Amino acid sequence: MPWRRHVPGLLDNLIWFILVGVILFFATQSDKFLTPINLRNILAAAAVLGVLVVGQTFVLITGNFDLSTESTLGLSALLGLWLIVPAVAPTWGAGLLWNPFVSIAAILLMGAIIGWLIGSLITYGRMNNFIVTLAMLLILRGAMLRFTEGNAVNGLNFPPAQVFYSLGSAPAVTLPWLGKLPVAVAAMLLLFLIGYVILEHRPFGRDLYAIGGNRAAAVASGIDADKRIRQVYVLSGFLAAFGGWMLAGRVASVQVDLGEGYIFQVMAAAVIGGISLNGGRGKMIGALGGVLLLSTIDRGLNLMQVSVFWIQVIQGLIILIAMFIDAQKVRFRAPVVDTGATATTAGTAASTAPAD
Amino acid sequence: MGEPVATPSEIVRLDHVVKRFGGITAVNDVSFAVATGEIHAVVGENGAGKSTIMKMLAGVHLPDAGTLLLRGDPVVISDPLDARRRGISIVFQELNLFPHLSVAGNVFANRELSGAGRLLDERRMVAETRHILDEMGVELDPRTKVGKLAVGEKQLVEIARALQQESDIVIMDEPNSALNAAESERLFDLLRRLRDRGITIIYVSHRLEEVFAIADRITVIRDGRYQWTRPIAETTIPDVIAAMIGRRLEETFPDRQPVDPAARVVLEVRGLTCPPTVGPIDFAVRSGEIVGFAGLEGSGIDETLHVLFGLGKPTGGDVVYRGQEGGRPTSPFDAIRQGFALIPANRREEGLMTGWSIRRNASLCVLDDLLDRVGLIDRTLERNLADGYVRQLSVTTDSIDKRVVNLSGGNQQKVVVAKWLATEPTVLILNDPTRGVDIGAKSEIYALCDRLARGGMALLFTSSEIEETLGVCDRVLVFYKGRIIRSIARGEASKADVMHWVAGGVIPEVVEVEVAQELDPRLPTA
């Protein structure tokens, strides 16, 4: 059947067809949907999520998870403001009054260090990545509470905190019709572009696919898998901190639960975008599609005034559908794989069967 | 090729059985019979088709032609469960046990006894397992976790499982590959007692000393074809070896010029030790030389190659690489940088990214040399690299973007070779490079080895087929229990000689004597 050959390719890019379909659907449901301000909102809402997904994609490609990013994000946002604002009400900072640029450098560095720590525990410590990052998710959230003793940190009326807003909400480029896009959106798109180039065109990216695809073969090919895994966690931690800077700029006041629950969205976007949780498979561009689709649906359902409970149900359904599509990819590839597998088994059995 | 020996009470008969995989015929028109209550050995070289035959009996494969008869009736054994229902159990060489379950849990796996309220009746399973083990004369606590047992004990658990299922045909597939002498003797003892109880045992092996110690009759398979079946008393080890080797489809080995004795020594190994399997060993390889390793599984060859490639950690000794002391590679990355390349034995697990294209596989080890000015992988350079090797090695494919999983075994192996040649190694290690490769591609690989050596590369070569090692190499080092016990120059020894040496230097005459005296249990089985 010739059409079967095109099925995997179609399924790989299905996300974009779905995205267009979803946009058309919402456009018919609400005349507020296809407006510049609404589309800007969708992109703005996608920015922080997107930054986290870029980092997560690197980790997932190697066949690992990073569940800790939302806590790294929260802690970074909070710490960043906390270091620069006065200790008294209503700001509730540390009273250190750090230069905001220094503070931002500090949180980015902290994110990278957290990532390196996680990567080290997993590689040197031979610990399970899921559990290590789950533990870090809790530990970092706990650390936030400790720093602030439960108070929200407020940078709203404190001029030096403006540096945060410059990333989070300042306009970057003005596009015809769409209007002024925030710096955050431009930064997110740029990060996806960089991520794409690294994954597709740098030896580093090849190494990650190799590690996720067949670790034993990757190591036997001279790839230092442990080092690469530490590096992707550093990237993920760094980007989580960057996302924290971005989010702090949007919300101005940081509660201790900032970023909580993000991880579900991050995983959902990656999976919907075709990133395999088994590692070795998926494209950065697909992950971007996943991010856009999630925030489009979120916004669209809001416009339609669908109950918040239903929104969660629908998001869950989308994840299931994405997994279903992913499973079909494997199935449609199966005939091809089978021929190869038979051929190799045949050769093995006939000449020097290892079982003989 | 005579007709099988007729016996009054056949329990199993193969009648013109054929099994093909793809274009290759693994089992070709095989007919023979196994008598009720005998220990029937099936021997043959690696790849002769022994395991495939057993897998047909165990319901893993269906014959493409011919008939299996069980107790005189033609049967179709559709799957392993069906085989078990018909009283056939197979003890695979790669043990199929659950390490986290107890002995009893394994014996009753998938056939658990349940008591009141459909809960598992642990006590009854333990009691019955104990009963079976007692009958076997085995002292083993049924509650021990199988993961904690020695290999020999695990094998006993597998047999207990077969007995619990009341199998009257037990197939042992290379049961001794991992057993020590005492364990082997215990196993033999048990097999004899089972036979005396009327259980038929089909014993697959290529270790002839063992077979002569235990079997009643012996069937020889060669190149997928039946040779003969004889009572053990009417044959000898040299007979069997002759039948196993036979006159095979000649693979063409290239002629080798003598290695220039003045050629530079590129690799010298001194006292390399990697317990418990290797060493200390010493050898040296000159530029342009092909050095072969011959030995049985467990003789330390795999481990030696791994250590040289930085995949294993030796405890002692030196590797002198290109005259540089202390160059013992610490990781594959390091080994590659020092100029080593390893073509691994299991190409699908370690050699290739099977889901990747030829292009991406070929370039994986040398990506850093294929960058353009801004540091990105230059697609043109990458394509040229892959194209060049596809042509040089005549890989049969319509495109370098084809996924390697869709290539034949021989072409897959060529992609592995391409990947490593791309690193321009000084020392190329080939671990069983022709496994799962058709004859044509085999000859190409031999010719390639010759060509590379002529170009000055040093090659370390090992194969599961001894005549291949003899045919390709300038010098063959015989490994036995982690030591190099002999060095043979090209043409100096026959395959039969080497087969004896790899088994520990036991010569046929000696074995015959020992067989007569109920085989010495200390005979090497390594």
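Which residues of the largest nonpolar core touch the most other members? Hi everyone, let's start there. This is a predicted model, where local features need pLDDT of at least 70, side-chain atom pairs count only at pLDDT 80 or more, and totals for chains, interfaces and linings use all residues. Residues are numbered from 1 along each chain as its sequence is written, with chains lettered from A and ligands numbered from 1 in the order written.

So, the core: it has 187 residues, and A:L81, B:I429 and B:V478 touch the most other members. By nonpolar core I mean buried Ala, Val, Leu, Ile, Met, Phe, Trp, Tyr and Cys residues joined through C-beta atoms within 7 Å. Buried means 20 or more other C-beta atoms within 10 Å of a residue's own, exposed means 12 or fewer, partly exposed is in between, and C-beta atoms are placed from the backbone. A second, separate core has 67 residues, including B:M56 and B:L156.

In chain B, 50% of the 526 residues count as buried. Chain B also has 18 helices and 19 strands; these are DSSP runs, H or I of at least four residues for helices and E of at least two for strands, numbered from the N terminus.

Now over to helix α2 of chain A, residues 14-29. Its 16 residues should span 22 Å at 1.5 Å a residue, and the end C-alpha atoms are 23 Å apart, which agrees; the expected span is 1.5 Å times one less than the number of residues. A:I15, A:I18 and A:F26 are buried in α2(A). The face turned away from that buried side carries exposed residues, among them A:F17 and A:L24.
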